[in-house]
Structure formats: C-alpha cells, structure tokens
Amino acid sequence: MGNYMALRMNGRSFLAMILVFSLIFGLLSSVLAKPVQAKSSARAAIVAEVNGTVTVKKAGGSKSYSAYVDMSLNQGDYISTGAGSSVVLRVSDRQDEITLGENSDFYISDLANQGDGSTSKFKMWAGSMWVKVKSLVSSEDEFEVETPTAVMGVRGTHYYAGVSPITGETTAAVFGGFIRVSSVTATENEETKKSIQENKVVYLYPAQQINLDSRTEVPDLRLKVSLINPAEIVKQASPKVLEALIKDKPSIDLENSQFIDKQKQLLGQGTEFKDDNSILRLKSTEDLSKVEGNLNNFINAIAKQAIDEKKIQEQVITDTNKTIPDPNRKIDLERTGLDNSAGIDPEEQRLRDELLKSIQAQNNDPAAEEQRRLIEAQQNLASLLQQILQDRQKLEETNKAVEKQNNQKAAEKAQQQTGTPSNNGNGGGGSNSSGSSGGSNNKPNPPVVTSPTGPATVTNPVKVALTAKAGSTIRIYNNGTEIASGTGNGGTPTEILLGNLAPGTYNFTARAFSGSDGSSSVTIPAITVVSENTAPNAPTIVSPTQPVTVNNPVSVTVKAQSGATVIIYNNETEMGRGTGAGDTEVVISLGSLNPGTYNLTARAYIGSAASETVPIPAITVASGNTVSEPSLLFKPGTVQGSTANVILSLKDFTGSKQLYAIEAHLLYSDKLKYEGSGTVAKVSTNVFGLSQSAETLTEHTNTAKTETELIYAATNYELTGGAPSQNIEVKGEKQLVTIPLAIKSSDTAAIPVKLIYYKIVDKDGNVVKESKDPIEISVPVNNG
C-alpha cells in the first residue's frame with residue numbers, strides 16, 4: 001500500500017501549451033528485441049484496442065490519422081475519441097494501461113527515460129478514463145495525468161477520472177491503492193478580509209472520491225472527500241470505461257485484500273489507523289469490518305447502476321465472474337449496500353457537517369453572491385467587448401455594401417442617360433448589382449453535405465458532416481425542428497453529432513446562417529437508424545454471377561444496404577471491403593491474387609451485427625498472373641570517405657498492398673554513428689519523394705554506449721484544405737532511403753548492421769507487411 005496519487009489545482013494554464021515539434025507518423029509496435037534506451041530517451045505508448053472513431057494528431061503536425069491497433073504514440077501526440085468510441089493505450093515498457101472513453105481529448109506531454117527513472121505524463125481536457133498503473137520500481141519513476149483542475153500522480157493503483165468538457169471539473173475515484181491529493185484552495189483572511197490561496201493535502205483510500213473544480217473554496221480538502229457515488233460515476237463514465245474497471249475487479253480485490261489484512265494485523269497489535277490528512281479512521285475490528293463491507297460491495301453497486309442505466313450489458317458481468325474463482329468475490333448485483341459511516345469518526349463527521357453548513361451559508365450570503373456576480377461580469381467583459389467590436393464591424397460592412405449598391409445604381413442611371421460605359425471599380429466587368437432594392441446581402445450559400453453522400457443505414461450515435469462558409473452556423477432540422485448545429489469551416493467538413501436516435505428513417509434538412517441571414521435548405525440523404533443488434537440484409541452479388549476465369553487485378557461487384565460494411569472473405573481471411581450504397585453497385589477490389597481458384601464469401605455488417613454469409617461464384621485467376629510478394633530490401637551502399645551508407649528499398653507494393661507509412665529499426669555497434677539532423681532530404685525518385693510526405697531518422701544509444709538503434713520513419717500526410725493524399729504504389733524495386741553512418745573505428749573489417757524490425761501500413765492503418773525477423777548485412781569500411 002505504498003501507492004499514492006498527488007493532485008493539485010492548477011487552473012487551465014496548460015491549455016496554452018507548446019507542442020513538441022515532430023512531424024513524423026509513429027508506427028512503432030512491439031519489437032522482438034527490446035529497444036535500446038539512452039540515459040534520456042524517448043518511450044512509446046501502444047494502441048492496444050480501438051473502437052469507433054479515434055484520431056491521432058502527431059506532435060507538431062496538423063494532420064489527424066485514424067488510430068489502429070499496435071500504432072505507436074510518442075511525446076507530443078494528441079488523441080481524440082468520437083461519440084460512442086474508445087481506445088486503450090498501453091505504456092509499452094511498463095504495461096501501464098489507460099482506457100479512454102467517448103468524447104475524450106488526451107495529450108501525451110512527457111514519455112521518456114530520465115536518469116534512473118521513467119516519466120509518464122499525460123493531459124486530459126475532457127472525457128472519462130480508467131487508469132491501471134503497476135507499482136513504480138524506482139523512486140525517480142513518475143506517472144501523472146493532468147486535467148484542467150488537477151494533477152493526478154500515482155505510484156501504482158486503479159483509479160477512475162472524469163473531466164467535464166464544460167466546467168473542467170475533475171472527479172477522481174480510487175478503486176485500489178493509496179491516493180495523495182494536494183490542492184490550492186481559496187479562503188478568506190480573517191484580519192484583512194482578502195482572499196488567500198493555500199496549499200492543502202488530503203489522502204484518499206479505496207471506495208472514496210473527490211470532486212475538484214476551478215473554485216475550491218474550502219479550508220480543508222477533507223470536506224471535498226466522500227464515499228464513492230456509483231450514480232455519479234456511472235452517469236459521467238463512458239460504457240467502455242465502466243467495462244474496463246469492472247473487468248479489473250480481480251486485481252482490485254487482491255490489492256484491497258492486502259490492505260484489509262495489513263490493518264487487521266495492526267489492530268491485533270493494538271495500533272489504530274488514524275491519519276490527520278484523511279477522513280478514514282479505524283479504531284476497532286468493527287470499524288474495519290464496515291470498511292471491508294464497502295470494499296466488497298462498491299463495484300457491485302457500480303455494476304448494477306451501469307446495467308440499470310443501460311451503460312453495459314449483463315454479459316460483461318458474466319464474463320468477469322468467470323475470471324473470479326472465489327464465489328464470495330464474484331459480482332453480485334443483489335449485494336450493493338454501502339455504509340456511509342464506515343471508517344469515519346462520528347465526532348469528526350459532526351464537525352465536518354457543521355463546517356460545511358457554515359460554508360454553504362456564506363456562499364448563500366447576498367453580499368458574497370453579489371461579489372461573485374461582479375467577478376463573473378468582469379470576466380465576461382472582454383468577450384462582450386469583442387462581440388461589440390464584431391457587431392460594429394458587421395454594421396460598417398453593411399453600410400459599405402449599401403453605399404456601393406447606391407453608387408452602382410447611380411452609375412447605371414448615368415450610363416443610360418449618357419451612353420457612357422462605367423466600371424465603378426469593377427474592372428470594366430459591368431454591373432455588380434444583385435437587383436435588390438438596397439440593404440445588406442450576407443446570406444451564405446447553402447451547406448454541402450459530405451456525409452452521408454447517399455441513403456445510409458447507421459447505428460447510434462448518429463453524425464452528419466457538411467461544409468459551409470467559415471464562421472457560419474450550420475443548423476440541422478427534423479421536420480422543421482432544429483436538433484443540432486455546428487460552425488462552418490470553409491472547405492473542411494464540419495462533423496455534427498445528432499445524438500442517439502430512435503430506430504427509424506429520418507429525412508433531415510440543413511441550412512447555413514450568418515447572423516439572421518439564412519441560406520436555402522438542403523436535404524440530407526435519408527438516414528435509417530437501426531439497433532446495433534439488428535443485422536443488415538445479406539449483400540447481393542452482382543458480379544460474378546457464375547464461375548469465371550480472370551486476370552489480375554480481381555474485383556467483386558455487390559449491392560448492399562446503405563451504410564453497411566461489406567467484407568469479402570477467403571475462408572476466414574479478409575480480402576477486401578466496401579460500403580453498401582443501396583441500389584447503387586459497389587465494386588470491391590481484391591487486388592492481385594496468385595493463380596488458382598478462389599471460393600469466396602461475402603457478409604454485410606452494421607456495427608457488430610452481421611448478415612448471413614453469401615457465397616460468391618468461383619473465381620479462377622489465370623496462370624501467368626503470379627504475384628510477387630512485396631518486400632523490403634536491405635543492403636550496403638557505397639563508402640564515401642569516413643561515411644558508410646546503407647540502403648533501404650521497397651519492391652512490388654501494388655494493388656491491395658500499396659502503402660502509406662513505414663517504420664524500420666536498425667541496430668549497430670559503436671563503430672558507426674548517425675550524425676545527421678534527423679530529417680531526410682527529398683529525392684524525387686524515392687518512394688516518399690512527394691511534397692506531401694515526411695521522413696525522419698532518430699538514433700538511440702544504450703547506457704553502456706556499445707549498441708545503437710536507429711529508427712527510420714516516413715509517411716504521407718494531408719495539408720489542411722489541400723488535396724487528399726493517397727497510398728503509394730511501388731512497381732518493381734524502388735529506393736526508400738540512403739542512410740549515412742559515420743565510421744568511428746580504425747578497423748578495416750566490415751561492420752555488421754542489423755534490420756531488426758519493420759512495419760508498413762496503408763492509409764487506413766491496415767498492416768501491409770510486418771517483420772520481426774532480423775536481417776544482417778556487412779557494411780564495408782574504407783578509410784582510404
């Protein structure tokens with residue numbers, strides 16, 4: 001029980017953080033050999049699980065990537081989850097685990113080895129998360145999560161944290177372990193009557209929680225601590241977070257049992273548990289028994305609340321209980337009682353209640369309330385002035401438009417009278433009048449629907465995407481009633497969440513507004529909402545309709561329910577996929593296949609619900625269509641003075657094997673060293689010789705300085721507002737990069753260099769090729 005979590009209030013200062021610059025797209029996965037680490041070296045977090053829409057913005061970059069399993073995340077990366085989505089992150093060298101729920105904004109602020117310890121620091125702006133941290137080994141190890149109102153540092157524990165996206169209020173609840181909370185609280189000096197800030201400390205124990213907002217006006221942080229509130233936790237936490245904490249019950253029980261056993265031993269020796277910085281008091285075995293009862297029941301209470309609120313399925317409970325051999329430890333939804341007096345001294349509780357009443361009375365004091373309103377008014381003054389300036393600017397623009405229109409009309413009238421052409425500042429382009437009788441015309445163009453592009457069948461939550469004039473308000477209507485809105489972003493689509501809708505078909509409309517001026521209405525393609533458990537209709541095979549013999553590349557044409565995902569299988573191996581479009585035919589590419597006969601099948605999916613399997617008539621790929629296996633080639637290059645070169649090349653990444661990004665790891669002795677800047681100069685003939693791509697080289701040396709790992713990473717990316725980037729096709733052999741290594745030895749013998757790992761993915765994050773089998777080459781040395 002030497003675990004602790006330190007929380008301290010720090011407001012929202014980190015919202016102005018400077019992100020560490022690093023454009024490259026990380027792909028590091030678990031490597032067969034443990035990466036070489038330096039005295040101060042970077043570490044990685046690995047994406048262990050992805051559900052729904054999860055995006056990653058790499059450090060210093062503007063492009064967001066779809067997260068995928070085994071994706072590597074590094075310091076400076078920003079992770080965001082959409083509605084109904086979640087992601088599980090695992091710190092690769094410690095197996096600490098963070099589950100982020102839906103609508104979470106998360107940032108990796110520090111992930112490195114420092115001296116003899118490791119540092120893991122994260123920031124969360126909004127959302128909910130479940131954190132499971134193994135006991136930190138070194139006293140220099142750090143693990144902390146910062147929110148707008150708290151910093152949570154741990155040394156090994158299970159805990160929940162939730163952050164309100166509106167107020168920034170943080171809720172922290174401990175399930176196992178020992179938590180230290182420090183916070184800056186605001187109190188009034190009795191002599192000067194001025195507000196002062198003091199640093200306060202409180203300790204939390206399992207089944208306790210604390211709520212911290214940006215205005216913690218209490219003299220003692222113990223007043224903010226309470227027994228865990230299942231209803232509050234379940235209401236705030238996303239389903240995946242609740243599922244994660246419930247599934248961890250076996251390890252939570254083990255940790256809490258160790259705590260109870262230790263306290264029983266101390267009480268048997270006549271030692272009471274009393275901590276002046278905590279509300280927990282254990283004077284007798286009766287006190288301990290009450291606390292033990294809470295520890296046995298509080299996860300039951302949360303599980304029952306989650307089922308009642310339809311946040312999780314009962315199958316989660318069934319699956320978890322299968323992992324708990326002791327029948328007395330299994331989740332029992334009938335055993336949910338919690339004792340609010342457990343482990344709390346009655347006299348101290350009475351004093352706490354009196355103090356809370358006094359503080360509440362002060363907060364309800366009219367003078368104090370007036371003072372708070374004054375402060376709020378002062379805080380709103382800046383935004384109010386800004387709005388006035390914007391309104392003034394809009395009025396000036398309107399007056400200029402009216403003046404220009406009147407001048408235009410006067411010029412047209414003069415032209416009619418004299419027969420003289422007029423340009424009126426229009427470059428000779430003729431009249432610029434709209435034909436209106438005066439006044440402003442700020443009406444924006446109608447929004448353009450980018451998703452769905454046709455009738456679609458979806459599960460909750462429902463989202464649409466549209467483009468509209470930057471700064472305009474996009475409003476979504478259902479039968480004339482506004483149900484959602486968003487802000488236009490020019491050519492970049494704005495995603496608007498419509499929430500969870502009842503099953504059925506909806507014909508929404510949309511309009512764009514600039515102030516009170518609204519565009520004409522546009523119709524959004526029909527959206528049919530179905531339950532996640534409602535299987536779609538089986539796809540219809542349009543082509544082939546009978547056994548055929550074809551040449552590469554191979555494709556299958558289908559019709560399927562709008563919005564359904566159609567997957568083509570060869571036995572149980574996925575060969576390709578597409579999205580159903582109702583009566584519109586969809587062509588699914590299977591790429592280039594080796595000669596032979598394929599008996600493929602197709603299924604349609606909506607969420608996890610699948611249609612019946614449909615057989616596809618036999619497809620025979622004709623002989624002479626042998627497909628070369630895509631490969632990464634590793635070979636020595638030329639020696640130039642005291643620099644040896646090694647070359648990476650790609651071969652035959654075509655069809656469904658096209659790539660978007662790559663990461664490769666080299667290992668060599670201290671006889672070689674990379675002395676470059678870290679960036680790779682563009683060579684137009686290389687694989688990533690395009691303008692919208694980036695390549696980096698990063699070297700890490702072990703503490704003994706005898707072995708060095710060099711990481712090469714490259715990716716395409718998209719520029720905001722620019723053309724979308726595509727996968728890269730490599731026909732035949734094409735050079736990837738030439739890596740210069742300085743020779744640091746006077747030996748004339750060739751120096752071995754190993755390629756220990758590489759991973760290649762496409763734009764959607766699908767693994768194209770991955771290898772953990774080392775390849776060794778000998779680099780010739782010529783010192784002249």
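A residue counts as buried when its relative accessible area is under 20%. The legends below describe close-up views of a predicted model.

**Figure 1. Strand E11 and its pairing partners.** Of the 17 residues of strand E11 (residues 117-133), 15 are buried, so the strand is largely enclosed by the rest of the structure. Strand E9 (residues 97-100) runs antiparallel to E11 and is joined to E11 by four bridges. In this pairing, isoleucine 98 lies opposite valine 131 of E11. Strand E12 (residues 142-147) pairs with E11 in the parallel sense, over five bridges; here serine 120 faces phenylalanine 143 of E12. Strand E14 (residues 157-163) is antiparallel to E11, with seven bridges between them. Valine 133 has threonine 157 of E14 as its bridge partner.

**Figure 2. The open sheet E34-E43-E39.** Three strands make up this open sheet, in the order E34-E43-E39, with mixed pairing. Strand E34 (548-550) and strand E39 (596-598) are at the edges and have a single partner strand each, so one side of each lacks a neighbour in the sheet. From one strand to the next, the twist averages 25°. E34 and strand E43 (residues 619-621) run parallel and are joined by three bridges. Valine 548 is placed opposite isoleucine 619 of E43.

**Figure 3. Packing of helices H2 and H3.** Helix H2 (residues 239-247) packs against helix H3 (residues 249-268) at an angle of about 50°, and their axes are 5 Å apart. H2 is therefore oblique to H3. From H2, the contact involves Leu245, Ile246 and Lys247, which meet Lys249, Pro250 and Ile252 of H3. Sorted by class, the contact of H2 with H3 comprises four nonpolar, no polar and two charged residues.

**Figure 4. Packing of helices H3 and H4.** The axes of H3 and helix H4 (residues 285-308) cross at roughly 180° and come within 11 Å. Angles over 145 degrees count as roughly antiparallel, so H3 is roughly antiparallel to H4. On the H3 side the contact is formed by Lys249, Ile252, Asn256, Phe259, Ile260, Gln263, Lys264 and Leu267, and on the H4 side by Thr285, Leu288, Glu292, Leu295, Phe298, Ile299 and Asn300. The residues of this contact of H3 with H4 comprise eight nonpolar, four polar and three charged.

Figure 5. Asparagine 460 and proline 461 are joined by a cis peptide bond, with omega about -5°. Proline 461 sits in the loop between strand E23 (456-458) and strand E24 (462-468). A cis peptide bond also leads from serine 543 to proline 544, where omega is near 5°.

Figure 6. Aspartate 70 is not a glycine, yet its phi is positive, near 80°. Its place is the loop between strand E5 (64-66) and strand E6 (72-73). With a relative accessible area of 27%, aspartate 70 is partly exposed. Aspartate 652, also not a glycine, has a positive phi of about 60°. Aspartate 652 belongs to strand E45 (residues 643-653). The relative accessibility of aspartate 652 is 14%, so this residue counts as buried.

**Figure 7. Surroundings of threonine 679.** Threonine 679 lies in the loop between strand E47 (672-673) and strand E48 (693-701). Its relative accessibility is 56%, so threonine 679 counts as exposed. Leaving aside residues up to four places away in sequence, threonine 679 touches Tyr674 and Glu695. Threonine 679 and threonine 698 are separated by 19 residues in sequence and by 8.8 Å in space, C-alpha to C-alpha.

**Figure 8. The whole protein, for context.** The protein has seven helices and 53 strands. Of its 784 residues, 45% are buried. Its accessible surface is about 38200 Å², and 47% of that surface belongs to carbon and sulfur atoms. Among contacts between residues at least 6 apart in sequence, 65% join residues at least 24 apart.

Conventions:
Residues are numbered from 1 along each chain as its sequence is written. This is a predicted model: local features need pLDDT of at least 70, side-chain atom pairs count only at pLDDT 80 or more; totals for chains, interfaces and linings use all residues. Side-chain values use heavy atoms; hydrogens and water are left out. Two strands pair if DSSP finds at least two bridges between them. Helices (H or I, at least four residues) and strands (E, at least two) are DSSP runs, numbered from the N terminus. Axes are lines fitted to C-alpha atoms, for helices over the stretch in contact, and angles run from 0 to 180 degrees between N-to-C directions. Buried means under 20% relative accessible area, exposed over 50%, partly exposed in between (1.4 Å probe, protein chains only). Contact means heavy atoms within 4.5 Å. Accessible areas come from the Shrake-Rupley method with a 1.4 Å probe; for residues, only the protein chains shown count as cover. Angles under 35 degrees count as roughly parallel, over 145 as roughly antiparallel, 65 to 115 as roughly perpendicular and the rest as oblique. Ala, Val, Leu, Ile, Met, Phe, Trp, Tyr, Cys and Pro count as nonpolar, Asp, Glu, Lys and Arg as charged, and the others, Gly among them, as polar.
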